[in-house]
Amino acid sequence: MRVDVLTIFPEYFSEIFEFGIIRRAKLAEIVEINIHDIREYAMGKHNMVDDRPFGGGDGMVLKPEPLFAAIENLTGASLRDAYPMGTRVVMLTPQGKPLKQAVAGELATEAEHLVLICGRYEGVDERVNEALVTDEISIGDYVLSGGEPAAAVLIDALVRLLPGALGSDTSARNDSFSDGLLDCPHYTRPADFRGMKVPEVLLNGNHAEIEKWRSIKALEKTRVARGDLLTGENGDM
Ligand code: 6GU
């Protein structure tokens, strides 16, 4: 998968993809991540990327021209219907569809080339969404000052789902949310730490018993922390 990130703060990403699974996936050429400064596509001697909102109001709005130029350069098209197959242009915005494991799974499977636009809190000219953006995504019901942390979250969630990115292919299947439940608790040595003991069932080597215990604990955790996942009160889990 190729990922291009468009941002006005490229330095934000200088080290964030240099650790753990993402770093390994890059080295194994499972994913290529390129960071682009929107300002490099800005016109005029002042390289203006934002301007005051029509109709008045606070804050600045990202101008359409630099984003159209950047997307045209990265995808070869400036209309979303003309992108090559497997190209998705994602706007990170609190107005987007909530990111869920199923959304990450769909993107990881379908997208070969992903262009991520980091929006600003104040906004992006709506013509970018109308003409260029295939998916608007939010990472949760809270406001960030920009889409950069959200882009990093989305990339992390996607890369670990790409074939070969994880050590064993069972690890992603057992994650929280992959079956609509939170993950079960985990323990490692020592079996007795300051009098706090690891549950006996995990020590006896009975794998059927262990799986049963894990299912029960996952369900228990889910009921306590995220009852909405069980009642279907939550949208698309
Ligand atoms: Cl994607 N962007 C911003 N600015 N705030 C957010 C968000 C994105 N997702 C949740 N809050």
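Biologist: How do you know that helix H7 (residues 207-225) has close to the expected length?

Modeller: Helix H7 has 19 residues and reaches 27 Å from its first C-alpha to its last. The expected span is 1.5 Å times one less than the number of residues, and for H7 that comes to 27 Å. Helices (H or I, at least four residues) and strands (E, at least two) are DSSP runs, numbered from the N terminus. This is a predicted model, in which local features need pLDDT of at least 70 and side-chain atom pairs count only at pLDDT 80 or more, while totals for chains, interfaces and linings use all residues. Residues are numbered from 1 along each chain as its sequence is written, and side-chain values use heavy atoms, with hydrogens and water left out.

Biologist: Which residues of H7 are called buried?

Modeller: Ile210, Trp213, Ala218 and Thr222 are the buried ones. Buried means under 20% relative accessible area, exposed over 50%, partly exposed in between (1.4 Å probe, protein chains only). Ala208, Lys212, Arg223 and Val224, on the other side of H7, are exposed.

Biologist: Why are the buried residues of H7 said to line one face?

Modeller: Seen down the helix axis, they fall within an arc of 165 degrees, so they line one face of H7. The arc is that of the directions from the helix axis to the C-beta atoms. These residues pack against helix H8 (227-231), where contact means heavy atoms within 4.5 Å.

Biologist: What makes E2-E1-E6-E5-E7 a sheet, and is the pairing parallel or antiparallel?

Modeller: Two strands pair if DSSP finds at least two bridges between them. Strand E5 (residues 87-98) and E7 have five bridges, in the parallel sense. The five strands form an open sheet with parallel pairing.

Biologist: Why do strands E2 (32-37) and E7 (135-138) count as edges?

Modeller: Each has a single partner strand, so one side of each is left without a neighbour in the sheet.

Biologist: Which strands does helix H3 (residues 101-110) touch?

Modeller: Helix H3 packs on the sheet, touching E5, strand E6 (113-118) and E7, and its direction makes about 170 degrees with that of E5. Axes are lines fitted to C-alpha atoms, for helices over the stretch in contact, and angles run from 0 to 180 degrees between N-to-C directions.

Biologist: Into which domains is the protein divided?

Modeller: The division gives domain 1 (2-159) and domain 2 (176-231), with bounds from an automatic or database domain assignment. Their centres, taken over C-alpha atoms, are 37 Å apart.
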